[in-house]
Amino acid sequence: MIEHQLIVSILLIVAICLLVMVSQRIKVAYPIMLVLGGIMLSFIPGIPSLRINPDVIFLVFLPPILYDAAVSNSWKELWRWRRVIGSFAFIVVFITALVVGYIANTFIPGFSVALGFLLGGIVSPPDAVSAAAIMKFVKVPRRISAILEGESLFNDASSLIIVKFALIAIGTGQFVVHQAAASFVWMVIGGAGVGVLLSYVLIKLHKWLPMDENIDTIFTVISPYLMYVCAETVEASGVLAVVSGGLYFSYRRILIIGSSSRLRAENVWDFLIFLLNGMAFFLIGLDLPEIMTGLNDDGVNLWVATGYGLLITAALVVIRMGAAFSAVFITRFMSKFITVADARSQGISGPFILGWTGMRGVVSLAAALSIPLYIPGTQTPFPERSLVLYITFVVITLTLILQGLTLPVLLKLVKLPNYDDHLPHEETERIIRIGMAQTSLDFLRQNNKCEDVTRSATLANLVNHWDEQLETEGSATLYDAELRKTYRKILIEQRLWLNKLNNENERVDEETIRHFIHRIDLEEERLLKE
């Protein structure tokens with residue numbers, strides 16, 4: 001039995017790799033190819049039926065994916081676009097759930113208001129992995145990608161909270177507003193608090209205990225699982241715990257973890273996230289026969305159910321488009337009373353692209369699969385469970401294919417404005433090189449290390465041509481241990497200066513800062529191995 005599961009898992013990974021290679025060859029985002037590949041593979045005769053355990057999605061897949069997104073996110077961009085991100089992650093998700101609930105209650109027989117609200121909560125959060133994979137093929141302004149990345153950190157939490165309340169309302173037949181409000185506040189504050197607290201404790205452990213690259217990497221991998229489980233244990237939001245903990249760790253990691261650990265962790269996380277994302281989207285396609293079997297057992301006509309799926313998909317597209325354009329008008333209106341990130345009129349292309357990036361993904365399917373077979377505490381079958389599952393599948397598939405395949409074309413056809421949020425890349429690099437050179441020279445002078453320069457041709461060359469040192473790294477060796485120690489201290493000062501520049505200058509793109517920090521890490525790693 002174990003051998004059989006191992007063989008199946010290996011074959012799944014091989015299939016995922018082949019489909020990703022095909023997607024790269026034909027320049028199609030890999031989530032689309034994996035879903036379509038899973039659907040086609042599921043109908044091959046002899047392929048066993050797959051039943052996805054939602055606990056596996058929530059516990060195994062979701063924490064590391066969200067944690068990696070949080071750690072990779074820019075605090076600076078998150079704060080700059082906090083109002084737009086917060087609106088899309090919470091207000092728009094809630095409005096979407098309400099509107100979808102009303103449509104389902106009105107047009108789908110057997111759907112109560114609570115059941116419609118449940119469906120709305122399930123399909124409301126867009127999947128940022130799909131959008132990010134698609135936008136790799138075309139260049140988009142940093143503003144749009146930052147808003148999408150920030151939204152994705154929180155919309156999963158808000159939608160899952162809606163799903164939880166809707167399930168309670170269906171199970172009990174009532175909805176107590178003050179109890180729901182208190183529970184919501186605890187889930188948000190408790191989840192965020194648990195995540196930050198555990199992240200703080202883990203950072204302290206990094207300081208107090210001796211750790212090498214392997215232990216540091218293991219700690220980063222287990223952190224999201226620990227945060228998620230602890231938050232869920234106290235009935236807070238595990239998703240928010242992972243996100244808040246990841247953001248706090250991201251803000252502090254430059255000062256805590258060494259260059260070797262960062263480089264090792266980056267390689268491990270790149271592999272882990274690729275594998276988890278690939279398996280998640282592939283499993284979506286493979287689950288179709290199981291969903292259709294449930295639909296057939298309930299006597300629901302496939303074409304009628306597909307029509308309901310088309311209706312909900314169209315509603316979701318219209319709602320997000322309306323939200324994107326409304327955000328622009330609301331921002332311009334509120335700029336008369338408060339300071340906003342950008343109150344200028346930038347045309348309709350930006351809101352249009354932001355509205356079109358509403359592809360749904362694995363969180364929606366996992367939320368649908370988490371619906372119990374029976375109403376809790378009874379032997380009454382959960383109403384319309386198979387139909388909710390099928391509608392969710394249709395929404396995921398249609399948004400991935402329709403919006404996913406057309407988004408690159410639209411990005412090429414629509415002329416996006418030059419938002420001028422950041423300095424030009426060349427100007428940013430010039431500022432960084434000058435600042436790093438000045439920081440290095442200041443360190444040598446302030447610590448009386450200038451005599452070391454005369455003892456090393458390499459240091460002399462670095463002092464004379466410091467603004468070119470990153471292009472010529474590795475061209476010489478510092479044989480003297482004391483000189484290597486001095487050079488390493490200089491690299492640490494450069495890294496601290498870059499972190500300070502990022503925090504103080506909002507016009508400098510954090511992606512460029514991280515690129516330079518990565519290069520300093522590589523140089524320090526080379527130095528340590530000499």
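**Helix packing and selected residues**

Mentor: Helix 5 and helix 6 cross in a right-handed way; a crossing is left-handed if the near helix is turned anticlockwise from the far one by less than a right angle, and right-handed if clockwise. Helices (H or I, at least four residues) and strands (E, at least two) are DSSP runs, numbered from the N terminus. This is a predicted model, where local features need pLDDT of at least 70, side-chain atom pairs count only at pLDDT 80 or more, and totals for chains, interfaces and linings use all residues. Residues are numbered from 1 along each chain as its sequence is written, and side-chain values use heavy atoms, with hydrogens and water left out.

Trainee: At what angle do helix 5 and helix 6 pack, and how far apart are their axes?

Mentor: The angle is about 135° and the axes of helix 5 and helix 6 (residues 113-123) are 7 Å apart. Axes are lines fitted to C-alpha atoms, for helices over the stretch in contact, and angles run from 0 to 180 degrees between N-to-C directions. Helix 5 is therefore oblique to helix 6; angles under 35 degrees count as roughly parallel, over 145 as roughly antiparallel, 65 to 115 as roughly perpendicular and the rest as oblique.

Trainee: Which residues in helix 5 and helix 6 meet?

Mentor: From helix 5, Phe 94, Ala 97, Leu 98, Val 100, Gly 101, Ala 104 and Asn 105 meet Val 113, Gly 116, Phe 117, Leu 119, Gly 120, Gly 121 and Val 123 of helix 6. Contact means heavy atoms within 4.5 Å. By class, the contact of helix 5 with helix 6 has nine nonpolar, five polar and no charged residues. Ala, Val, Leu, Ile, Met, Phe, Trp, Tyr, Cys and Pro count as nonpolar, Asp, Glu, Lys and Arg as charged, and the others, Gly among them, as polar.

Trainee: What is Thr 96 in contact with?

Mentor: Leaving aside neighbours within four places in sequence, Thr 96 is in contact with Ser 124, Leu 316 and Ile 319. A polar atom of the Thr 96 side chain also lies 2.6 Å from the backbone oxygen of Val 92.

Trainee: New topic. How do helix 13 and helix 17 pack?

Mentor: Helix 13 (residues 288-297) and helix 17 (residues 385-413) pack at about 140°, with axes 8 Å apart. They are therefore oblique to each other. The crossing of helix 13 and helix 17 is left-handed.

Trainee: Where is Glu 384?

Mentor: Glu 384 is in the loop between helix 16 (362-369) and helix 17. Its phi is near 55°, a positive value in a residue other than glycine. Glu 384 counts as partly exposed, at 26% relative accessibility.

Trainee: And what about phi of Glu 235?

Mentor: Phi of Glu 235 is near 60°, again positive in a residue other than glycine. Glu 235 is in the loop between helix 10 (213-233) and helix 11 (238-256) and counts as exposed at 56% relative accessibility.

Trainee: Last one: how many helices and strands in the protein chain?

Mentor: The protein chain has 22 helices and zero strands. Of its 530 residues, 52% count as buried.

Conventions: A polar contact is a pair of N or O atoms within 3.5 Å; within protein, one must be able to donate a hydrogen and the other to accept it, and residues adjacent in sequence count only if both atoms are side-chain atoms. Buried means under 20% relative accessible area, exposed over 50%, partly exposed in between (1.4 Å probe, protein chains only).
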